[in-house]
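Q: I have just opened this entry and would appreciate a guided tour. Could we go through it together?
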Amino acid sequence: MIPLKLILEGIYSYQERQTIDFTALTDVGLFGIFGSVGSGKSSILEAITYALYGETERLNARDKRAYNMMNLKSNRSYIELDFINFEDRTFKITREFKRNSKNFEDVKSPNVVLYERINEQWIPLESSHAQQIVGLSYENFKRTIIIPQGQFKEFIELGAKERTDMMKEIFQLHRFDLQDKVSILYKKNQSALDQLNGQLVGFEEITGDLIEKTNIELQTERQTFDTFEASHKLLQEQFQSLKKLKDDFHELEKLKSSFQQLAAQKVEKESLRLRLIRFENAQNNFMHILKTKEKLDQDKIYEENRRHKEQIKYEEIQELLKNCSAQLEKRRIQYNLLPQRRIQELDLELITQLITFSEEIKSLQERAQNGRRVVEETKELQKYHKVKAQETEAKLLKLKQAKPSASELMELGRWYTKQQTIQQQESDLGKQLAELDYAISDQNKVLQNEGIDIGGYQSNHQAEIHALEEKLHRLREEKAHLLLQQKLTEFADNLVDGSPCPLCGAIEHPTIVKGHDITHEIMANDKLINDTNELVRYKIDQKFRIESLAIRLQSLTDQRQDLEAKIVSHKNLQASHFDQFVWQNYDSKDESGYIRKKQELSSIESQIGEAEQKLANDLGILSSIEEKLEKYNKALNQFELEEAGKQAQINQNTLNLRQLSWSDYQYRAHEEIEREYRNLKIDNLQIEKDYVTLTEQINDLNNQSAAQNSLIQAIIGQLEKIADESLTLNKNIEQQLHASVFETLDEVKQTLAENLQVQQIRQELEQFQVQFETLKAQIAQLDKKLQNQVYDEAVFTKHELYLVESSAHLKELTENVARLTQELDRLKAAYAQKENLLQLHLKLSLRNDNLKQLFNLFKAAGFVQYVSSIYLRQLCDHANIRFHRMTRNQLSLQINDNNDFEIIDYLNEGKSRSVKTLSGGQSFQVSLSLALALAESVQSNTKATKNFFFIDEGFGTQDLASVNIVFETLLDLRKENRIVGIISHVEELKERIPISLSIEKDEERGSQIFSN
């Protein structure tokens, strides 16, 4: 993760918006953030972690985090972070939360939005969860990217489980945690094996012998079936011949019975044919004439009834016409007087308006009088508040003239603050110098106690070591001679005549040298060698100790020289700072005058605020009064205009009166005149309405009368036409009767009343004739066919019984063959399935054994811990490259059998000890080495081109020499494409870092960020 830009506003001590452009810092590779304690350096790191994860090191959700993070002078907090992730994709995340305007301590939950830069545009993402984008959890982000205060040693002090979990996440070691997957596969395989065993239980009786036995039974049964099937077919053919003969005799008897029934119906069918001929004659010749005569009779009755009804209706119309004409004559007199009554109606309407206008004028005069009184009262109130506002303005002007210069006090305050810092630094430098002098003196005392002169110690030490080494060489040669002599003595003592010598192989031993026991000389020689070795080791240890003391003394001396130069520089800085004091009314050594002026400024500003608030209130009241006064004046003018308009309307209405006089109605009651007007208007409308209605009714009745008379004459003409048609029709009927078989019209009607179904009866007669002739022919044909044949029922029954028994036996044989065939097919299929199941069982059993071994291998994350230990050892190897250099090859880091960190101390014969025994400075060195190695591993794992690393502690625990080594290590990281940022209050580092930021806390504006 590489930060690009950070924006802060309203967070902790950052009151105003501050922007950090990380691109200029990260391009250099090493940068720093410096500032005094409490200036807001660490808040930058907390802002980054809070933007990404919503978590901070100092506060959690139970601590009212949003309220406590927000600057107390701010009502809004905002964080915006632009960064590049390990996939080289650019993202932006923003977090914003606001204070409740009605409750100071109520800060709403933050609003979080995550963007990705795609095609030069910021595209919002659906999820604001940044962990997957960064590739690290919050805890591991603090251990590998940004390490807050108090957390730098956390990695080396983690327990084995926590460290394994961290390594699992950072290096994706979860891919080696295969216990669950293997367990699932094992259970699945075991379940399949159990199911397979259950299936094989059902195949225990399926064997090859059983299949062979079933096949032999099937062949025997098939031979029996084939023999019996041939005899059954012969018997079936004989039975079919007998059955055919039986059917023919039964069919002949049935046909003769049916023919007798048809012969009995012959006479009845002939009678029906004659009736049908008579009905068709009547229907063809008389049906249409009779229907026409019936219709004419019905039309005549209808028209007679209609003429009677229309005559009654005509007489009713004549009576109504007479009554309406009488009523119209009565209304005509009133209708002729209607114009005069209309004029009187209009005059009454004008008089009503005159009375209304008079009443409204009276009301307007009363309201205008009240309004003038209110206007005068408002003018007095306006005058009073105007005087008060002028007095407040004069007081405010006086306070502003007496107010001290805020900018001057701010600059003076900054000078005093810097002066305090310089004095504190001077005190710190003095303490550091005293501590260095004490340390140098202590080192010199140790050398004096050792009796060592560092100047000549090196040459004397080499001479002593050389002499001791020569002595050791002589002693070892002497020991070799003694050992040889002792061995020869042992050989001589063991020689026996006749036995070969182990040295020369001789059988005879004429002169055997007799030696003496030299064991004591050998022991004395060994003691001298051991004592000399001890003395050599002592001298070497003494040299290493003296060199360490000398290096420490030289380092302290160098630090003292650097500190003296720094003190001189600090004094020059202090003198330069005093030269910048240009305020004549204040004392550079006494801050009380500044404090009094600051208090005076605060008091006057408070009074100014109160005066400005009072002035704003007075002006607001005055403005409200002036608005009311304007409103009242407008209302008065409106009253006067309305009164003039009403009076003009009264004059106009008086001139418009034509019949009535205003003086006759001026003093009468308004309601009475209104009632008279309404009654007259209603009467006029009713007279007009009645006259028009009666006129329209008379016209309508005259039209109805004429139309009714025409209708009656038309009906009379229609009746005459019907009478002529009836006479012609009667003559036609007489002619048809003479020409037909019928004598009277009633006889025709009686025949037609039978209403025979002609088509149905004709079809029935034809069908009877065809059926009669067909039966007659079929009987003759069967008599000829069966002329010389005899049917015996007993013979037929006997053959039928034989056939039934044969069919039953054949069915039994067929079922046996089918059953045996099906059983043989089932046994073959089951045997093949059994073979497949046995092969599968063997395969699953082998897989079950393999999976069981894998499960034991991966159980309890053992394999992950093994891989984690390999990664940890590699991490130690990489960390030791820098740790050796920082500790001058005195210390080394290793992993023990429990995957815990240990320190190898080469100053104590390379023995191991716990990392918890390290000093604060050494803990910083080993933590930094591990953190850098871990960052390198993370970069290699994510394949990122660059990696970012932030340190927020530790430099204050290092001496000058160690700081130099650590700083050189950090500088070398630039060559390895690493980006390292440090946060410190140690000013010496600022001068050595290529680019840095300074954090200064202003009392009024909060923390400010400046680029160096």
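Predicted model: local features only at pLDDT ≥ 70, side-chain atom pairs only at ≥ 80, totals over all residues.

Q: Which side chain does Arg76 meet in a salt bridge?
A: The side chain of Arg76 meets that of Glu96, at 2.6 Å from N to O. Arg76 belongs to strand β4 (residues 76-84) and Glu96 to strand β5 (residues 90-100), so the pair ties together parts that are 20 residues apart in sequence. Glu96 is partly exposed as well, with 22% relative accessibility.

Q: Which residues are linked with Arg76 and Glu96 in a network of salt bridges?
A: Glu9 and Arg17 are linked with Arg76 and Glu96 in such a network.

Q: Why would side chains pair like that at all?
A: Side chains of opposite charge can pair when their charged atoms come close.

Q: How many salt bridges does the structure hold?
A: The structure holds 25 salt bridges. One of them joins Glu105 and Lys64, with the closest N and O atoms 3.5 Å apart. Glu105 sits in strand β6 (residues 103-107) and Lys64 in the loop between α2 and α3 (65-69), so this pair ties together parts 41 residues apart in sequence.

Q: What about Glu688, which residue forms a salt bridge with it?
A: Glu688 forms a salt bridge with Arg342, and their closest N and O atoms are 2.3 Å apart. This pair links distant parts of the chain, since Glu688 is in helix α17 (residues 670-739) and Arg342 is in helix α11 (residues 338-402), 346 residues apart. Glu688 is partly exposed at 31% relative accessibility, and Arg342 is partly exposed with a relative accessible area of 26%.

Q: Let me step back to the whole chain. How many helices and strands does it have?
A: The chain has 24 helices and 16 strands. Its radius of gyration is 68 Å, well over the 31 Å that the globule rule gives for 1012 residues, so the chain is more spread out than a compact globule.

Q: What box do its C-alpha atoms fill?
A: Taken along the principal axes, the box is roughly 195 × 145 × 40 Å.

Q: And how much of the chain is buried?
A: Buried residues account for 36% of the 1012 residues. The chain exposes about 62,200 Å², and carbon and sulfur atoms supply 50% of that area.

Q: What share of the contacts join residues at least 24 apart?
A: Among contacts between residues at least 6 apart in sequence, 77% join residues at least 24 apart.

Q: Which residues is Leu6 in contact with?
A: Leaving aside neighbours within four places in sequence, the contacts of Leu6 include Ile44, Ile48, Ile79 and Leu81. Gln18, Thr19, Ile20, Phe22 and Glu80 are also in contact with Leu6.

Q: Where is Ser806, and is it buried or exposed?
A: Ser806 lies in helix α20 (residues 793-858). Its relative accessible area is 9%, so Ser806 is buried. Not counting residues up to four places away in sequence, Ser806 touches Phe228, His232 and Leu235.

Q: On to cysteines, how many disulfides are there?
A: The count comes to zero disulfides. Cys324 is buried at 10% relative accessibility, and Cys876 is buried at 2%.

Q: Finally, which backbone angle stands out at Asn119?
A: Asn119 has a positive phi of about 55°, although it is not a glycine. Asn119 is in the loop between β7 (111-118) and β8 (121-124), and it counts as exposed at 72% relative accessibility. Glu120 is placed in the loop between β7 and β8 and has a positive phi of about 65° without being a glycine. Glu120 is exposed, with 63% relative accessibility.

Note on methods
Residues numbered from 1 in each chain as written. Heavy atoms only, no water. Disulfide = S-S within 2.5 Å. Buried < 20%, exposed > 50% of the residue type's maximum accessible area, 1.4 Å probe, protein only. Helix = DSSP H or I, 4+ residues; strand = E, 2+ residues; numbered from the N terminus. Contact = heavy atoms within 4.5 Å. Rg over C-alpha atoms; globule rule 2.2 N^0.38 Å. Areas by Shrake-Rupley, 256 points an atom, 1.4 Å probe, with all protein chains shown as cover. Salt bridge = Lys/Arg side-chain N within 4 Å of Asp/Glu carboxyl O.
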